[in-house]
Amino acid sequence: MQWEAVIGLEIHVQLATQSKIFSGASTAFGAEPNTQACAIDLALPGTLPVLNEEALRMAVKFGLAIEAEIGKRSVFARKNYFYPDLPKGYQTSQFEFPIVGKGQVEIELDDGSKKVVGVTRAHLEEDAGKSLHEDFQGMTGIDLNRAGTPLLEIVSEPDLRSAKEAVAYLKKIHAIVTNLGICDGNMAEGSFRCDANVSVRPKGQEKFGTRAEIKNVNSFRFVEKAIQHEIERQIDLIEDGGTVVQETRLYDADKNETRSMRSKEEANDYRYFPCPDLLPVVIDDVYIDAVRQTLPELPDARKARFMQDYGLNDYDAGLLAAYRDMADYFEQVVKGCGDAKQAANWLLGEVSKYLNQAGMEFSELKVPAADLAQLISRILDDTITSKIAKTVFEAMWNGEGTPDAIIESKGLKQVTDSGALEAAIDQVIASCTPQVEQYRAAEPDKRGKMLGFFMGQVMKASGGKANPGQVQGLLKQKLDALCD
């Protein structure tokens, strides 16, 4: 039997506000445990929450970016459940009347095809604290610093049909929220994480199967692996005569498996009711239009502009336009060197390679855009070869100075003096008699392929500093003269 997966994602976006959603406590990451949880975050008697207007503005901004319905009247509710890191015994969230209603995003798949994924809603809520299970001699520690941090929970329609589609959608939402500046997107710190609802059904069947929810997966790679494993687990279970249980599961990256955590709650299990401490939030078209005016250029629009203005192909333009910091850096490099293709090649090639090897995000890149532009300019004006440029970039990465300073101090300027090049070529020809004889004996139309050997020898003799174009011309001239 052929099976089809049905997947929906609930993405939790930590909004980049300076203070929490209902209090003035700091949201800064990395503070000592329980130093950033105030009386309001803990719902101590006599305290009242006050909505952070910036969190509301950020939510509206996201809704406009995905062309969603904006709730002009949204209501906060209490979601009741008991967990050690939930100090209030309830979570203040939105239920029936969210700030963002139905919208959609378009994703691009590996085969170049595109798919529209529906967004059911995006609602504001407060985060819970964090349970710490390590270094407590078998006990669990509770850190409430995160309690009250503003979240935007983005709920997709069950439109995704594979783990790869789910990751493509997750990356698209990540690109949107980081471009909007409403989230730093740091998955390692928990600023951007998701729950995946996964079920399977016979291909062609309209009715959904029983779903399992995989909680709090915080990397693109692990999301794909967790969903793929869960799909295979459910198929194997059904084909062996078992039934899928509606439950919440955790993904173990070390074992690449999901395991049962608890039975999955329904909405009525949470006993939602309107929060008595918070009035409904009412906004109008004037407010929405004012937020609309602050929208930056979004990834899809920037990609189209990069293709039109810089002549980039679809793939390169998509990668460069996905994130604002890389896109802005790219344009600064192009402005400095005047060659968009070279700038794209360096950013997607050497720069990305060094970042990946160091395990760094692009925002952590220490090489200024002006320096990379200068390096590319030195390739374009024949000061250095492309091969030598990689040596220069390594020195730039290590903080050894600007390209011009490195080229000068290390004596890396390209050799363009024809006399010096001819001397090097003559030396190579004299020391490679067998290869010269083979060249002379070859048919004229076959000799071009044989030039590569001599080119390599001359470049090696010059330490890679000889101008390749000049070397090729002089080599062919001298070798052909020996054939006459």
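Cys194 counts as buried, since its relative accessibility is 1%; buried means under 20% relative accessible area, exposed over 50% and partly exposed in between, with a 1.4 Å probe and protein chains only. The model is predicted, with local features needing pLDDT of at least 70 and side-chain atom pairs counting only at pLDDT 80 or more, while totals for chains, interfaces and linings use all residues. Residues are numbered from 1 along each chain as its sequence is written, and side-chain values use heavy atoms, leaving out hydrogens and water.

A search of the whole structure gives 0 disulfides, a disulfide being a pair of cysteine sulfur atoms within 2.5 Å. Cys194 is in none, and the nearest cysteine sulfur, that of Cys183, is 13 Å away.

| Residue | Relative accessibility |
|---|---|
| Cys194 | 1% |
| Asn197 | 9% |
| Cys337 | 12% |

Asn197 lies in strand 10 (residues 192-202). Helices (H or I, at least four residues) and strands (E, at least two) are DSSP runs, numbered from the N terminus. The Asn197 side chain makes a polar contact of 3.3 Å with the side chain of Arg211. A polar contact is a pair of N or O atoms within 3.5 Å; within protein, one must be able to donate a hydrogen and the other to accept it, and residues adjacent in sequence count only if both atoms are side-chain atoms. Leaving aside neighbours within four places in sequence, Asn197 has contacts (heavy atoms within 4.5 Å) that include Val6, Gly8, Glu10 and Arg211.

Helix 8 (residues 340-358) has 19 residues and spans 26 Å from its first C-alpha to its last, close to the expected 27 Å, which is 1.5 Å times one less than the number of residues. At Ser352 helix 8 bends by about 40 degrees, the angle between axes fitted to the seven residues ending there and the seven starting there. Among the buried residues of helix 8 are Trp346, Leu347 and Tyr354. The buried residues of helix 8 pack against helices 5, 6, 7, 9 and 10. Asp339 caps the N-terminal end, with a side-chain oxygen 3.2 Å from the backbone nitrogen of Lys341. Gly359, with a positive phi near 65 degrees, follows helix 8.

An open sheet of 3 strands has the order 4-3-14 and antiparallel pairing, where pairing needs at least two DSSP bridges between two strands. Strands 4 (90-94) and 14 (273-274) are at the edges with a single partner strand each, so one side of each lacks a neighbour in the sheet. Strand 3 (residues 76-80) is joined to strand 4 by 5 bridges, and Ala77 has Ser93 as its bridge partner in strand 4.
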